[in-house]
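Please look over the sequence and the structure shown below before reading on.

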Amino acid sequence: MLTLLHLLSSVALLVWGTHIVRTGIMRVYGANLRRILSASIKKTSMAFLAGIGVTALVQSSNATTLLAISFVSQRLIALSPALVIMLGADVGTALMVRILTFDLGWLSPMLLLCGIVAFLSNRKTRVGQLGRVGIGLGLILLALELIVAAAAPITHSSAILVIFTSISDDTLLALLLGAVFAMVSYSSLAAVLLTATLAATALLPLKMALCIVIGANLGSGVLAILGGRGQSASARLVLGSMLFKIIGCVLILPWLTPLAQWISSTDIASDEAVIYFHVVYNQLRCLLMLPLVTSMARLCRRLVPHEDMNNATAAPRYLDNSALGTPSLALANAVRETLRLGDVVTQMLERFRLVLLGDREQKREISRLDEEADMLHSAIKLYLAQIRQDDLGEEDSRRWAEVIDTALNLKQAGGILEHISSSFTNKALDARLSLSSEGMEELLALHQRLASALSLAMSVFLTGDMTNAKRLRRAKHRLILLGRRYSHAHVERLHQQNPQSLETSSLHMGLLGDIRRLNSLFCAVAYHVLEPDPENSAE
């Protein structure tokens with residue numbers, strides 16, 4: 001019983017090591033990996049190599065799958081190049097299994113020591129997260145040694161040998177075991193590493209080990225389906241990837257028995273045979289499937305109907321829940337949704353200009369857009385609340401706060417626009433009052449500057465460009481000075497007893513104050529770039 005417990009704990013350590021490496025890499029390089037994948041879609045060969053490289057780096061095809069799913073669901077890339085990336089991810093996993101099974105036992109203590117020192121001393125920084133990756137790699141190598149040591153006593157048990165020998169001819173059971181373990185461990189890499197290690201101890205017959213490897217590939221496909229459920233675009237991608245895996249499984253199964261017999265007749269060690277089978281099988285399968293990518297994409301489009309986006313224009317488009325486990329990717333999704341919220345406020349601002357010009361019908365549309373802005377803000381807020389703060393590095397923590405603040409400012413700006421549109425319609429248009437010609441020109445001039453400030457603010461929010469942030473701050477102060485000058489001009493018209501100014505004075509001064517508030521809300525994003533410390537950002 002104690003021996004079995006040691007084996008299970010060693011397997012758990014292997015799974016945990018792969019998880020630590022994956023999360024550490026994604027926290028440090030998640031945004032860069034995202035750019036690499038998005039830039040590789042122009043050529044099939046580049047997309048295939050990008051899938052291999054990203055997966056080799058993060059030690060998990062599931063992480064690459066989540067990136068591809070996010071791209072497809074957000075309509076950043078087409079289905080065909082995404083399927084190519086998925087095929088490359090399968091090859092990347094196989095190559096990493098080969099690398100991790102080299103004799104690297106001497107490297108484990110060094111990685112653990114350096115990784116722990118780096119992580120504990122700089123937990124929130126890039127160095128700390130790279131230390132976390134080192135810890136994960138050290139645990140993987142240590143776990144492989146422990147599995148071999150723990151499995152050795154079991155191989156001497158006649159009962160265990162009888163059990164494994166009796167099921168060695170049950171291909172379906174072996175496939176199921178591989179799939180289940182890949183799903184439980186959330187990593188086909190961990191499943192294959194364990195299979196190779198157990199095969200080296202003679203605990204697993206070779207044919208069964210090969211079947212488990214194929215089953216692990218299928219299990220990773222099931223994980224992708226579970227991660228992409230609920231969205232038609234991502235469902236097509238994971239369905240296509242799963243169909244490729246099933247085709248490969250069907251093609252290789254009739255050859256497993258003669259292949260296992262041939263390998264057994266050679267001097268190739270069982271663990272080496274399992275590893276090389278995994279590498280060669282995935283390379284051949286993926287290369288054979290590459291010419292079929294376009295046809296598979298067409299098939300998946302027929303099998304999975306397209307969502308009608310027109311029926312849910314107000315629904316969030318970019319808040320992919322499957323990306324929540326990768327903070328940098330989730331933040332990128334929240335940024336895109338916040339930009340969409342900015343587009344809604346931009347529409348409200350333009351319609352407010354039409355209200356000023358006398359179009360009272362725009363009031364209803366502004367109210368609808370305000371409800372959409374409130375819904376998007378709520379969705380962004382709840383989405384970001386699901387990201388654990390402990391999982392965020394220093395830079396991501398600042399970006400998280402910036403997204404929260406910017407979304408809130410946009411939501412408040414939408415509320416102000418809805419209020420002043422209703423107020424102007426009720427107090428001026430419905431009462432058949434009109435501003436003086438000078439006053440209207442001043443408001444339209446302020447509106448034009450306000451629209452430019454909002455456009456520049458969204459650019460600064462997206463890029464973090466220091467030069468544009470300084471431009472935005474200067475634009476804010478210029479609008480404030482211009483607003484003061486216009487308020488003094490209005491008072492001068494009151495002094496001259498201008499009848500239109502007298503009738504609409506309260507409304508006019510209220511609009512000037514509200515425009516000043518909108519200006520401050522739009523330009524607040526500049527201070528996140530110019531003064532990263534939140535305590536210094538307050539005016």
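## Where α17 meets α18

In this predicted model, Arg-399, Glu-402, Val-403, Thr-406 and Leu-410 of α17 are in contact with Leu-454, Met-458, Phe-461 and Leu-462 of α18. Sorted by class, the residues of this contact between α17 and α18 comprise six nonpolar, one polar and two charged.

Helix α17 covers residues 394-429, and its axis comes within 11 Å of that of α18, the two crossing at roughly 160°. Because that angle is over 145 degrees, α17 counts as roughly antiparallel to α18. The crossing of these two helices, α17 and α18, is left-handed.

## Where α18 meets α19

Helix α18 also packs against α19, at an angle of about 165° and with the two axes 10 Å apart, so that α18 is roughly antiparallel to α19. Here too the handedness can be stated: α18 passes α19 in a left-handed crossing.

The residues that α18 brings to this contact include Glu-438, Glu-442, Leu-446, Arg-449, Leu-450 and Val-460, while those from α19 include Asn-468, Arg-471, Leu-472, Leu-479, Tyr-486 and Arg-493. Taken by class, the contact of α18 with α19 is made up of 13 nonpolar, four polar and six charged residues.

## Two buried residues in helices

Met-440 belongs to helix α18, which spans residues 437-463, and with a relative accessibility of 17% Met-440 counts as buried, because buried means under 20%. When its neighbours within four places in sequence are left aside, Met-440 is in contact with Leu-356 and Leu-435. Met-440 and Leu-357 are 83 residues apart in sequence, yet their C-alpha atoms are 8.5 Å apart in space.

Ser-241 sits in helix α11, residues 232-252, and is likewise counted as buried, with a relative accessibility of 6%. Leaving aside neighbours within four places in sequence, Ser-241 is in contact with Leu-83 and Met-86.

## An exposed loop residue

Gln-497 is found in the loop between α19 (466-495) and α20 (499-503), and Gln-497 is exposed, with a relative accessible area of 54%. Its backbone deserves a remark: Gln-497 has a positive phi of about 60° although it is not a glycine. Most residues other than glycine have a negative phi.

Cys-211 is buried, with a relative accessible area of 2%. Cys-300 is buried as well, its relative accessible area being 0%.

## The chain as a whole

The chain contains 23 helices and zero strands, and 51% of its 539 residues count as buried. Among the contacts in the chain with a separation of 6 or more, 83% are between residues 24 or more positions apart.

Terms used: Residues numbered from 1 in each chain as written. Predicted model: local features only at pLDDT ≥ 70, side-chain atom pairs only at ≥ 80, totals over all residues. Heavy atoms only, no water. Buried < 20%, exposed > 50% of the residue type's maximum accessible area, 1.4 Å probe, protein only. Helix = DSSP H or I, 4+ residues; strand = E, 2+ residues; numbered from the N terminus. Contact = heavy atoms within 4.5 Å. Axes fitted to C-alpha atoms, helices over the stretch in contact; angles between N-to-C directions. Parallel < 35°, antiparallel > 145°, perpendicular 65-115°, else oblique. Left-handed = near helix turned anticlockwise from the far one by under 90°. Nonpolar A, V, L, I, M, F, W, Y, C, P; charged D, E, K, R; others polar.
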